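Me: Can you walk me through this structure? I'd like to go piece by piece and ask as we go.

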Number of protein chains: 2
Amino acid sequence: MSDKLNQLKEILGEVSDLRHATSILEWDQNVSMPPGGSEARGQQMATLGKVAHEKATSDEVGKLLEDLKKEFTDTDSDEAALVRVTAREFDKATHVSSDYIVKQAIVTTRAFDAWVVAKAKSDFSIFRPHLEKVVDLVHEYVSFFPPADHPYDTLLDDYEPGMKTAEVQTIFNNLRPKQVELIKAIKSAKQVKNDFLYKKYNEGKVWSFAEGIITQFGYDFSRGRQDKAPHPFQTTFSVNDTRITNRFEVDNPLATLFSAMHESGHAMYEQGSNPDYERTPLAGGTSLAVHESQSRLWENLVGRSLPFWEHFLPKLKKVFPSQLDGVSVKSFYKAINKVASSFIRVNADESTYNLHVMLRLELEIGMVEGKFAVKDLPEIWNEKMNDYLGIVPPDDAKGVLQDVHWSSGLMGYFSTYALGNLISAQLWEKINQDIKDLDDQIGKGKFDSLLGWLHEKIHIYGRKYDPQDIGQKVTGSKIDSAAYVRYLTNKYSDIYGL
Amino acid sequence: MSDKLNQLKEILGEVSDLRHATSILEWDQNVSMPPGGSEARGQQMATLGKVAHEKATSDEVGKLLEDLKKEFTDTDSDEAALVRVTAREFDKATHVSSDYIVKQAIVTTRAFDAWVVAKAKSDFSIFRPHLEKVVDLVHEYVSFFPPADHPYDTLLDDYEPGMKTAEVQTIFNNLRPKQVELIKAIKSAKQVKNDFLYKKYNEGKVWSFAEGIITQFGYDFSRGRQDKAPHPFQTTFSVNDTRITNRFEVDNPLATLFSAMHESGHAMYEQGSNPDYERTPLAGGTSLAVHESQSRLWENLVGRSLPFWEHFLPKLKKVFPSQLDGVSVKSFYKAINKVASSFIRVNADESTYNLHVMLRLELEIGMVEGKFAVKDLPEIWNEKMNDYLGIVPPDDAKGVLQDVHWSSGLMGYFSTYALGNLISAQLWEKINQDIKDLDDQIGKGKFDSLLGWLHEKIHIYGRKYDPQDIGQKVTGSKIDSAAYVRYLTNKYSDIYGL
């Protein structure tokens, strides 16, 4: 192998170590850190970010990349992919100053703390000044780059390389009326009963059951763990240490099961990444939408399917006999898929979920365009909730304060949740062509063929292929909502007798 | 303030952030990390160590220090102390290459994993090749420095600045016969009963009781936490995030209480460090011996005293009524101070503890001198245990494998445990002069005057004063065993009626 490639890999390895260390500090911040630790933690993360950024954007890296681009011209090789992905990131990173990285880390650490308090007290005014600083940072970030078709493109591209705001808007504009129409049809159909989901369930037992499910999926606990945190998330410290967090909500106890399936979907993607890519930019998932396709596939296509509960409901009934007394598989299946306009995105059913995402995308675009002021967000949020879902949150905790993302400076991110849903359905159609008895296998609690397929077709490639390319390669088409609309229509026609 | 001082502080701040980040990774490794994460973690810690080392030893730091030494000549100012302590560390660090730092991090991460397995299986052969590599590293480390009076001086100085091997040997040679004589006298006295300590105690309840005690001491849980780990330790991520770990041993259930007191003693020292010293080398404890004087003071002088249990035993009895039925305060006090030759250092009583330390010091000096080969350690260990304490460990888990230190590359460290005991007794005599009703206060569960005294006289100074200097300043003398011998003799004369 080329000496220059080795030199590059050595630097990239250190950058990767520093970034993973930051992730460990962030995980600890969410899972373990005592309240007093916050200020210093922000500073520590800022320093790690700054050092990583300096290393990643050094002249040495720039020169090595220039030479290596000439050396590795076989575009399908791992080496060429490494050079290509690294060069793309280098180009982006060199537009951003180290000072900005430090400032961002400090602002977002404080904003995160403020968000936690603001959400607990349902008081947007606590979060507002911090969010204003975050939005200022976002504007500053966009200003570092040459003008794009739309300023939001710059943000979106960080999470979904190559994707344009206009493309997302086209996909969403095509999808929205179909989802709205479906919801309308469901609203006038006979409603399903789901009161048994909201009885009292013991937290520890739900937690264990969740771990049982995801172990059966194939999430490897010897290379991961599940902890309590205010917000469920997945994080990667190495291919052999990819963790998930989860929570238990007394008023929605079984949501813990679906969060675990969701986060394990992310984690299994990371656990399946080619170990040869470790400590390089090729490790991990290729984009947030593809990542989300994995989490949503396990959570919804698998975890909210009839065959899945044919296997797991009898087991769940053994743990919670009184709560689920007399509940048939079909009625449990209907209950967990009940459609209802609701306030919280992460607990939304599949027919309304994307509308939550579309709302956030519109708010973000409005903020980036300067059309929406932070102070007006609660009002705009509530208006749009009323427009899309016909409901208005009773407080900001169930409205504009519900998601962690903005407090962490993540803007440009939300649309990938909906795109992930679309990809999951595209993949599902393809998987069912390849694994003819998939439903039977799921009905027996067997997931190895499914996970094997995902590993072989997607996970193993890490970030070697760009998101739209891997979609094309695996399903034969780019991101498209047709499969998702077919999936939703079939599922809800059955459940609601449409 | 001088521009140059600000420049130096900025660099030192980043070094501090990187080192604290390493501590967070290490804490996670002990408390949370899944087994698969180990290899990558070693690499990550190596990179952080390397980057911190490069920053701390840069020419820029060297030049700033040269100029600042001339600028800050008032030796009692914080600024002068900062320059002095930083210059000492700079001088040491510049003797060591970054490559060595990386190598050491990787070797010790693997050695730690091997030690965990070796200890669990009580199989020294699993740990041996790793320990051999650690000893090679230690020799290499010593070789980086100009010859000292004794090669072990170089190691000792890292933990106890300014202390010489010969000084420690003199102190120990003076102390050993007195401790041996005391143990002999105790052996021929009427033995105390302590069977009730080894009944079945519920882990969760012991854990909560321990947290109750240290909260009452003044350990601030809003700036700390206690977690389970294979080995109790204290670690600092900032003055506002200093954590402790603990364990529960079924066959020695109440040891958890004393470990908590011990580690909280370390943590309260760190929590009391001057906040102005944050992100500089002046933050934290001045040496391991002074650190240990704090932990042992809370564990033994306070936690194994009669007044302490006059307050706490009634409470403990409420939690464990059947286990402690009919046990008087005096008999509980005697039981927890029972003298017995035992295998495990951390659970040893106060009269035998230092002998465990002396054994380790002799082994370390033997390894450094090349007199003892790693392969022979279990045998030498067992021989010395027989010589000193008249017992031979039944297996290596209870012998040479019991301590984590060597697996982490920590050599030169052990003697500070015994030195800490000596300092704790010196401090205790002084404190009792200053706080006349200390016993009464402890008997009422009041520790604020005591903690306040320690904060004011020791903690607040962080690393501003060297260990022997702060001892001199506070107690009027350097490290000396007389106070400890007085303390032991008084205590055990009472307990054993000598």
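Reply: Here is a chat about the sheet, the chain contacts and some charged pairs.

Reply: First, the ground rules: this is a predicted model, where local features need pLDDT of at least 70, side-chain atom pairs count only at pLDDT 80 or more, and totals for chains, interfaces and linings use all residues. Residues are numbered from 1 along each chain as its sequence is written, chains are lettered from A and ligands numbered from 1 in the order in which they are written, and side-chain values use heavy atoms, with hydrogens and water left out.

Me: OK, in what order do the three strands of the chain A sheet come?

Reply: The order is 1-3-2, in an open sheet with mixed pairing. Strands pair here if DSSP finds at least two bridges between them, and helices (H or I, at least four residues) and strands (E, at least two) are DSSP runs numbered from the N terminus. Strand 1 (226–228) and strand 2 (234–238) of chain A are at the edges with a single partner strand each, so one side of each has no neighbour in the sheet. On average, neighbouring strands are turned by 30° against each other, direction ignored; axes are lines fitted to C-alpha atoms, for helices over the stretch in contact, and angles run from 0 to 180 degrees between N-to-C directions.

Me: In what sense do strand 1 and strand 3 of chain A pair?

Reply: They pair in the parallel sense, over three bridges, with strand 3 of chain A covering residues 241–246. Asp227(A) sits opposite Thr245(A) in strand 3 of chain A.

Me: And which helix packs on the sheet, touching strand 1, strand 2 and strand 3 of chain A?

Reply: That's helix 10 (residues 255–271) of chain A, whose direction makes about 165° with that of strand 3 of chain A. Contact means heavy atoms within 4.5 Å.

Me: Switching to chain B: is its strand 3 mostly covered or mostly open?

Reply: Mostly covered, as six of its six residues (241–246) are buried. Buried means under 20% relative accessible area, exposed over 50%, and partly exposed in between (1.4 Å probe, protein chains only). Asp241(B), Arg243(B) and Thr245(B) point one way from strand 3 of chain B, with Thr242(B), Ile244(B) and Asn246(B) pointing the other way.

Me: What pairs with it?

Reply: Strand 1 (residues 226–228) of chain B runs parallel to strand 3 of chain B, joined by three bridges. Strand 2 (residues 234–238) of chain B runs antiparallel to strand 3 of chain B, with four bridges. Strand 2 and strand 3 of chain B also form a hairpin with two residues between them. Ile244(B) is the bridge partner of Gln226(B), and Ile244(B) is also the bridge partner of Gln234(B).

Me: How much area is buried between chain A and chain B?

Reply: About 2700 Å², and carbon and sulfur atoms give 57% of that. Buried area is the accessible area (1.4 Å probe) that two parts lose on being put together, summed over both. In contact there are 38 residues of chain A and 38 residues of chain B. Ile24(A), Pro34(A) and Gln44(A) lose the most area on the chain A side, together 17% of what that side buries.

Me: How many salt bridges cross that interface?

Reply: Six, by the rule used here: a side-chain nitrogen of Lys or Arg within 4 Å of a carboxyl oxygen of Asp or Glu. Arg41(B) makes a salt bridge with Asp241(A), with the closest N and O atoms 3.5 Å apart. There's also a salt-bridge network linking Glu14(A), Lys55(A), Lys50(B) and Glu54(B).

Me: And inside a chain, what does Lys491(A) form a salt bridge with?

Reply: With Glu350(A), the closest N and O atoms being 2.7 Å apart. The pair links distant parts of the chain, helix 20 (residues 482–496) and helix 14 of chain A, 141 residues apart. Both Lys491(A) and Glu350(A) are buried.

Me: Is Glu39(B) buried or exposed?

Reply: Exposed, because its relative accessible area is 52%. Glu39(B) forms a salt bridge with Arg110(B), at 2.8 Å between the closest N and O atoms. Arg110(B) counts as partly exposed, at 41% relative accessibility.

Me: Last one: where does Gln294(A) lie?

Reply: In helix 11 of chain A, and Gln294(A) is buried, with a relative accessible area of 0%. Residues that Gln294(A) touches include Tyr269(A), Leu427(A) and His459(A), not counting residues up to four places away in sequence.
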